[in-house]
Amino acid sequence: MNPFRWSYRTTYLVGFFLCAALLGYALYAEHVLGMVPCPLCIFQRIAFMVMGVFFLLGGLHAPRSGARWVYTSGVLLGAAGGIATAARHLWLQTLPADQVPACGPNLGYMMDTFPFAKVLKMVFTGSGECAKIEPVFGLPMPAWTLLWFVLLAVFALCAALRKRA
């Protein structure tokens with residue numbers, strides 16, 4: 001059961017199930033624990049979805065050669081977006097109270113009202129609700145997501161670089 005000896009297919013399917021489990025926990029935290037997601041949280045969920053799709057496609061296809069890098073690139077692209085978003089979210093949470101930006105409109109309103117480029121700028125500028133810290137097992141949620149983005153990216157790279165089918 002050593003994960004470093006798993007086949008590419010097994011590794012990518014496990015990566016898919018991990019992404020699905022993380023998204024499931026995010027929904028549990030939202031609907032049961034009452035943790036309302038801010039726009040940056042929603043973008044991190046989207047990054048996990050992107051990774052999950054590429055993990056699933058890679059696991060189902062299980063190519064043997066250079067085509068592995070198509071799926072790995074998709075996973076790494078999702079991870080890079082997630083890492084950038086989670087890092088920005090953590091930075092907002094470390095700001096002193098007097099430097100936290102004012103709360104803005106929710107993501108649904110912004111998507112309906114503004115062009116997508118402006119929505120991205122507004123989300124990454126941050127708002128007060130993104131600076132709210134709600135620890136889970138002692139760490140803020142963006143710290144956990146950052147950790148999972150890095151681990152899943154390394155997981156995907158190890159599978160793609162492995163010589164075993």
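Predicted model: local features only at pLDDT ≥ 70, side-chain atom pairs only at ≥ 80, totals over all residues.

Visitor: How many helices and strands does that come to?
Guide: The protein chain has 6 helices and 2 strands.

Visitor: What share of the residues is buried?
Guide: Of the 165 residues, 38% count as buried. The accessible surface comes to about 9,100 Å², and 71% of that belongs to carbon and sulfur atoms.

Visitor: OK, the core. Which residues touch the most other members of the largest nonpolar one?
Guide: That core has 17 residues, and the ones touching the most other members are Tyr12, Cys19, Phe48, Met51, Phe55, Val75 and Leu152. Two or more residues come from each of α1 (8-31), α2, α3 (68-94) and α6 (141-161). Another core, of 9 residues, lies apart from it, with Cys38, Leu107, Val119 and Val123 among them.

Visitor: What does Cys19 contact?
Guide: Setting aside neighbours within four places in sequence, Cys19 is in contact with Phe48, Met51, Gly52, Phe55 and Leu152.

Visitor: Let's do α2. Which of its residues are buried?
Guide: Quite a list. In α2 the buried residues are Pro39, Leu40, Phe43, Gln44, Arg45, Ala47, Phe48, Met51, Gly52, Phe55, Gly58 and Gly59.

Visitor: How does its span compare with what you'd expect?
Guide: It agrees. At 1.5 Å a residue, the 23 residues of α2 should span 33 Å, and the end C-alpha atoms are 33 Å apart.

Visitor: Pick out Phe43 for me. Where is it, and buried or exposed?
Guide: Phe43 sits in helix α2, residues 39-61. Phe43 counts as buried because its relative accessibility is 14%, and the cut-off for buried is under 20%. The C-alpha atoms of Phe43 and Thr85 are 7.1 Å apart, although the two residues are 42 apart along the chain.

Visitor: Switching to charges. How many salt bridges?
Guide: The structure holds 1 salt bridge. Arg45 pairs with Glu30, with the closest N and O atoms 2.8 Å apart. The pair links distant parts of the chain: Arg45 is in helix α2 and Glu30 in helix α1, 15 residues apart.

Visitor: Are those two buried or exposed?
Guide: Arg45 counts as buried, at 15% relative accessibility. Glu30 counts as partly exposed, at 24%.

Visitor: Now rings. How many aromatic pairs?
Guide: The count comes to 6 aromatic pairs. In one of them, Tyr8 and Tyr12 have ring centres 4.3 Å apart and planes at 25°, so the pair is stacked. Tyr8 and Tyr12 are 4 residues apart in helix α1, which means about one helical turn separates them.

Visitor: What else does Tyr12 pair with?
Guide: Tyr12 and Phe55 form an edge-to-face pair, 5.0 Å centre to centre with 70° between the planes. Tyr12 lies in helix α1 and Phe55 in helix α2, so the pair ties together parts 43 residues apart in sequence. Ring pairs link Tyr8, Tyr12 and Phe55 into a cluster.

Visitor: How accessible are Tyr12 and Phe55?
Guide: Tyr12 counts as buried at 0% relative accessibility. Phe55 is buried too, with a relative accessible area of 0%.

Visitor: Last topic, backbone. Which residue has a positive phi just after α2?
Guide: Ala62, with a phi of about 50°. Ala62 lies in the loop between α2 and α3. At 22% relative accessibility, Ala62 counts as partly exposed.

Visitor: Why flag a positive phi?
Guide: Because most residues other than glycine have a negative phi.

Visitor: And what is phi at Phe137?
Guide: Phi of Phe137 is near 55°, again a positive value in a residue other than glycine. Phe137 lies in the loop between β1 (135-136) and β2 (139-140). Phe137 counts as exposed, at 76% relative accessibility.

How values were computed:
Residues numbered from 1 in each chain as written. Heavy atoms only, no water. Buried < 20%, exposed > 50% of the residue type's maximum accessible area, 1.4 Å probe, protein only. Core = buried A, V, L, I, M, F, W, Y, C linked by side-chain atoms within 4.5 Å. Contact = heavy atoms within 4.5 Å. Expected span 1.5 Å × (residues − 1). Salt bridge = Lys/Arg side-chain N within 4 Å of Asp/Glu carboxyl O. Phe/Tyr/Trp six-rings, centres within 6.5 Å; stacked < 30°, edge-to-face > 60°. Areas by Shrake-Rupley, 256 points an atom, 1.4 Å probe, with all protein chains shown as cover.
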